[in-house]
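Subject: The structure for you to look at

Hi there,

Here is the structure I promised to pass on. Please open it alongside this email, and then read on for my notes.

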Amino acid sequence: MVWVTAMVLTACQNRPDATVPDYNEVLDVSIFGWKDADTLFFPLQITFPSTIRTPIQQGIPYIMGYSVRMSADYHYARVPMQLIIQQTDTTGGREHIVRNILRQHIAPAVRDTLGRPLGPSWGSLIDYDGFIDGITIRFDSLGTYRMMLIPDTKDMHGFTGLSAIGLSLSKQY
């Protein structure tokens, strides 16, 4: 829990026009291999007006951010993933997809051109937060949504060296 709070505070430093994210969730992945079968699910509830428990509001444009926690063993410069956003419904006790909002390949950078990690080290782990260029989300109807991240790896072993991946949404100003 402390780590999530730290990620929220540092996410704002990489973009001067952003405030503390309205939504921020970080999920652990296996450091021994984040595989394409290990989809990460980030649930959202869109309300109007927004509340403390569900701060994401209908009709407001949001900038999407990401968080990555990795070990020095992660040697790649980017983390290629599929980002999927869907509106869902749980009527009848089962979740079903109402509509697909976005499906896009993203590859956020975690190292510079010389191979140095972009974020600060915390012991043997490196944290980095950034914003995903070109993605602004506007939820046009109330309801339940989910964002998903699927690693885009051709290797059956997945990405080794990643410890946690997160998504955040901040109001666009």
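Below is what I found, going from the whole chain down to single residues.

First, some ground rules. This is a predicted model, in which local features need pLDDT of at least 70 and side-chain atom pairs count only at pLDDT 80 or more, while totals for chains, interfaces and linings use all residues. Residues are numbered from 1 along each chain as its sequence is written, and side-chain values use heavy atoms, with hydrogens and water left out.

**Confidence**

The pLDDT (the predictor's confidence in each residue, from 0 to 100) averages 85 over the protein chain, and 88% of the residues score at least 70. Please be careful with residues 1–16, where the pLDDT is below 50. Beyond near neighbours in sequence, that stretch has 29 contacts in the model, a contact being heavy atoms within 4.5 Å. Where pLDDT is low, the predicted coordinates should not be read in detail.

**Overall build**

The protein chain has one helix and nine strands, in the pattern α-β-β-β-β-β-β-β-β-β along the sequence. Helices (H or I, at least four residues) and strands (E, at least two) are DSSP runs, numbered from the N terminus. Of the 173 residues, 47% count as buried; buried means under 20% relative accessible area, exposed over 50%, and partly exposed in between (1.4 Å probe, protein chains only). Among contacts with a separation of 6 or more, 75% are between residues 24 or more positions apart.

Five strands form an open sheet in the order 1-9-3-7-6, with antiparallel pairing. Two strands pair if DSSP finds at least two bridges between them. At the edges are strand 1 and strand 6 (121–122), each of which pairs on one side only. Strand 6 pairs with strand 7 in the antiparallel sense over two bridges, and Trp122 stands opposite Leu125 in strand 7.

Strand 7 (residues 125–138) also holds Asp127, which is buried with a relative accessible area of 7%. The Asp127 side chain makes a polar contact with the side chain of Trp122 at 3.1 Å. (A polar contact is a pair of N or O atoms within 3.5 Å; within protein, one must be able to donate a hydrogen and the other to accept it, and residues adjacent in sequence count only if both atoms are side-chain atoms.)

In strand 3 (residues 61–71) you will find Ser71, buried at 8% relative accessible area. Not counting residues up to four places away in sequence, Ser71 touches Ile31, Arg111, Ser124, Leu125, Ile126 and Gly161.

**Aromatic rings**

There are five aromatic pairs in the structure. Rings of Phe, Tyr and Trp (its six-membered ring) pair if their centres lie within 6.5 Å; planes under 30 degrees apart count as stacked, over 60 as edge-to-face and the rest as tilted. Tyr74 and Tyr76 are edge-to-face, because their planes stand at 65°, with the ring centres 5.3 Å apart. Tyr74 is buried at 0% relative accessibility, whereas Tyr76 is partly exposed at 48%. Another edge-to-face pair is Phe139 and Tyr145, 4.9 Å centre to centre with 70° between the planes; both residues are buried. Finally, Tyr74, Tyr76 and Phe159 form one aromatic cluster.
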